[in-house]
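Here are some exercises to work through with the model open beside you. Try each task before reading its solution.

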Amino acid sequence: MSRDPLIALRPWESPEVTSWGRLPMNAVDRRTGALPLDGEWRFQLLPTPGSPVTEAWSSQHVPGAWTVQGTDDLPQYTNVTMPWGEFPPASPAANPTGVYEREVDVPAEWAGRRVVLRVGAAESVLLVHVNGRPTGISKDSHLAAEFDLSDVVRPGERATVRLTVVKWSDASHLEDQDHWWHGGITRSVLLYATDPLHLADVTVRARPDGGLRVDCRVRHAMGRLPGGWYVTGELAGHLLAQDAEFDRLNAQDERVSDFLGEARLTALVREVRPWTAETPELYELTVRLHRADGSVADTAHPRVGFRQVEIRGRDLLVNGERVYIRGVNRHDFHPLTGRTVSYDDMRADLVTLKRFGFNAIRTAHYPNDPALLDLADELGFYVVDEADIESHDHAHEIADDPRYTAAFVDRVSRMVLRDKNHPSVIVWSLGNESDYGANHDAAAGWVRRHDPTRPLQYEGAAKLGWADPTVASDIACPMYAPVEDCVAHALSGEQTKPLIQCEYSHAMGNSNGTLADHWAAIESTPGLQGGFIWEFWDHGILQRVNDGRPAGRAGAGLYDNGVAAQGHRWAYGGDFGETVHDGAFIADGVVFPDRTPKPVMYEHREIAAPVRLAYDGGDLRISNHQHFRGLEWLAASWELSLAEGGTLTAPAGLPDVRAGESAVVPMPFALPEDGGEAWLTLRVTTADDEAWAPRGTEVCVPRVRLRAAAPVASAPLTTGAPVQVDEDGLLVHPLLTAAPVLSLWRAPTDNDEIGGMAARWRAWGLDALERKVVDVRRAAGSVTVVAEYGTMAGAVRHEQVFTRVEGGVRVEETAELPAGLDDVARVGSVFETVAGLDVLEWYGQGPWESYPDRSGGAPVGHHSRPVDELFTPYLRPQESGGRHGVRRFTLSAPDATGFAVELDEPRQVNVTRYRAADLAAATHHDELVPRPGCVVHLDVAHRGLGTASCGPDTSPGHLVPTGTHRWSWTLRVL
Ligand code: GAL
Ligand code: MG
């Protein structure tokens, strides 16, 4: 047995031990003036915590996970399942343990000061030795731990710091979140010093009426406080007053002992600019702790946002306004470092979200780096701050296990203590997917007493009854509730709490169908206030294909536009040789692993548009759809797009309307008599530089249809060369390498696979349809071909009438789906073209990918894109790159040769380099081999995407009906 007490006591098997020697959490930022200890540390990975440390050192970068830095302990992805079978509180005997060691020169000028070590985050148990002396223990992989080293190190001398990180523990059972398992020190390490007399904590409360209250806790490193200390404060030129009444009461009831000092400062700040996510106004506060002689012993600089959160009835109010929560769930993730996220990366995450209309974040499922909250304060986000508790696999056993009570309270209370001064944090969350038990109520009790200024939520409690007043959730915060259920609840008369889904619209692969339906309901139903999309990231780790190793930091720059460079791929579950894993379920975000936005982001941006446009045939109206801001920060221009006449532009002035108001504006164009279908788009951009967007950044593109299309009439030509159809009834055309045939299948999306549709389609045989020609009838100028496609649910009759028309051929098609084929992927034609036709120009929705139930973000207009850029590289290849509402298109070569297709009605069109079968056969993007020509789908019906990988499927209106489908199109050579 080890003689080291930190090892001998086996704290990794004792849930009761949440820490030892650790300082209480507080909200005083000590980063300025600290000695950073990030960089290379000596390192060795032991097979178990008890294994002897040897002389065989390698090195690791701190902060960083060893799982992506060259060790043999690689990342593993599991969702619910624990990666090993031991029951809580046990952990496996084989337990990778990283020993990090380095020397630290403690500055001589720190003589006489209190010296503190801070380890930003270590998973899952941290053991600290300094100069060989056992110094501390900490658990919670997503919160910092501080240790007072004043008695262990000597200023002016060199100290040896050893941080031992045990990967698996009793605490792993509380950290069973759905993401990669890693090991290591994932946030920064530093050393700082304070005067022995110091601010132990500062709590700020600032209301939008300018009321400011600052509570200070004062301690001395030696225990006993010297007499005569006092605090002062200053904010934007206002001096804060020490609250004498508070001091008197404290003295009277002996709440202040001689080792804990408490003081309260107050002020009423006039004409305060309140903080909201739209107007993230921050003030610098300075708090000084003075010795009796007036000299300053310690200073804190919290930034203050004046705002108030409350629940009134069933509304969550920020500064009295019922705000919509346009949220996303964000994990700490990076494709190279796994879990370690730099300040710049965190900022880039938030900037991306801001640019796509998000105003809220749930820190799924643990407290994020404190810098993320600083950025949320600055850029303007509402944050649901979530504690690091998810016991998913053993939720029920743990929720009431008294051995874990301390851990629950520890995790929740430390988060609150750390983050309470951030205006961005508007709600505390007790954690995720951990059932509901006494341990939650214990933690909830702590929060409610300590911070009555914010509501509390917990999905596991809320699901016992959305309106139940007895459960530990002030918000009804379900996950993946069908929108109809939410509406029904809001209309039931039973609703007592705001309904804000903590997770909805699962973004796995090509997904987020019906997002607009959610928002139509939210914006029209009092009681519904929004939700948090699951999730921000596709957690693909950049992996070298040759040796299967994570690329690590050497992979910087080896990806672009959502795609990994040659020889690399985005790894998901199972790719590191794990036998227990949950595959591509980890790739379920609205951005790719390199933060490239997926098409759904444009859908979201439009749903969240701060400016809306309405046209009722007479008046054209612009409305301000924000909660607080005017439109003065935005600029705009008009675009009139005519189906038969190109695009006209004109400058636009935005009316001076307050939040929630609207104004009629003059029609910017006289609509030409001809020109066909006409759409008016307002292109809205930032008028000035914003913290999250330079001037001119597109914010939204609301649009209205001014005139509908006239029906397309194309006169058949009975003269000229006959349509060429071969003996199999297949159209012969010089630009087509495969003639148009019927298609009923798409490469299954993740939703199709997990939702069970794909299995049904395969069982029916839709993935390999057999075509049998039944009849070929030739007449002057036209040929009729009847074919039958066999499926296990009955045959599909497909008729094509090919008619010679001016400059090309017209194809009229009919497909009859038998009753058994009641939910197919698509009904339409598919054909393939010769190589060289590399640019698609279309009139329809675009420019980005859109599908029938995810098309609101794509304005109708004239669009153009290289074929290679139409495809969206979802991590697990699947149906991708579709464009909704396409009226016509051309596919052309650089010399302008090619062909044009005119559709009878707006249709779903897909032009790619891949057959559906190519996509379905590949597991990762790097396996795909683009075909030289194009594969073209024209669909009369295309199934919605839904979100069935986790949550509701598409709406019934977006399923492909059985019975007769008719469509027609004309193909003309350019
Ligand atoms: C939720 C869970 C998330 C994630 C999601 C599916 O149930 O809270 O952590 O697992 O489902 O991607
Ligand atoms: Mg889970």
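Buried means under 20% relative accessible area, exposed over 50%, and partly exposed in between, using a 1.4 Å probe and protein chains only. This is a predicted model, where local features need pLDDT of at least 70, side-chain atom pairs count only at pLDDT 80 or more, and totals for chains, interfaces and linings use all residues. Residues are numbered from 1 along each chain as its sequence is written, chains are lettered from A and ligands numbered from 1 in the order in which they are written, and side-chain values use heavy atoms, with hydrogens and water left out.

**Exercise 1.** Find Thr340 and work out whether Thr340 counts as buried or exposed.

*Solution.* 
- Start in the loop between β26 (325–329) and α3 (343–355), where Thr340 lies; helices (H or I, at least four residues) and strands (E, at least two) are DSSP runs, numbered from the N terminus.
- Thr340 has 11% relative accessibility, so Thr340 counts as buried.
- Now follow the side chain of Thr340: it gets to the backbone oxygen of Thr186 at 3.0 Å.

**Exercise 2.** How far from an oxygen atom of ligand 1 is a polar side-chain atom of Glu433?

*Solution.* 
- The distance for Glu433 is 2.4 Å.
- Asp588 also puts a polar side-chain atom 2.9 Å from an oxygen atom of ligand 1.

**Exercise 3.** Where is Arg943, and what does its side chain make a polar contact with?

*Solution.* 
- Go to the loop between β55 (935–942) and β56 (963–973) to find Arg943.
- Arg943 is buried because its relative accessible area is 0%.
- The side chain of Arg943 makes a polar contact with the side chain of Asp823 (2.8 Å). Such a contact is a pair of N or O atoms within 3.5 Å; within protein, one must be able to donate a hydrogen and the other to accept it, and residues adjacent in sequence count only if both atoms are side-chain atoms.
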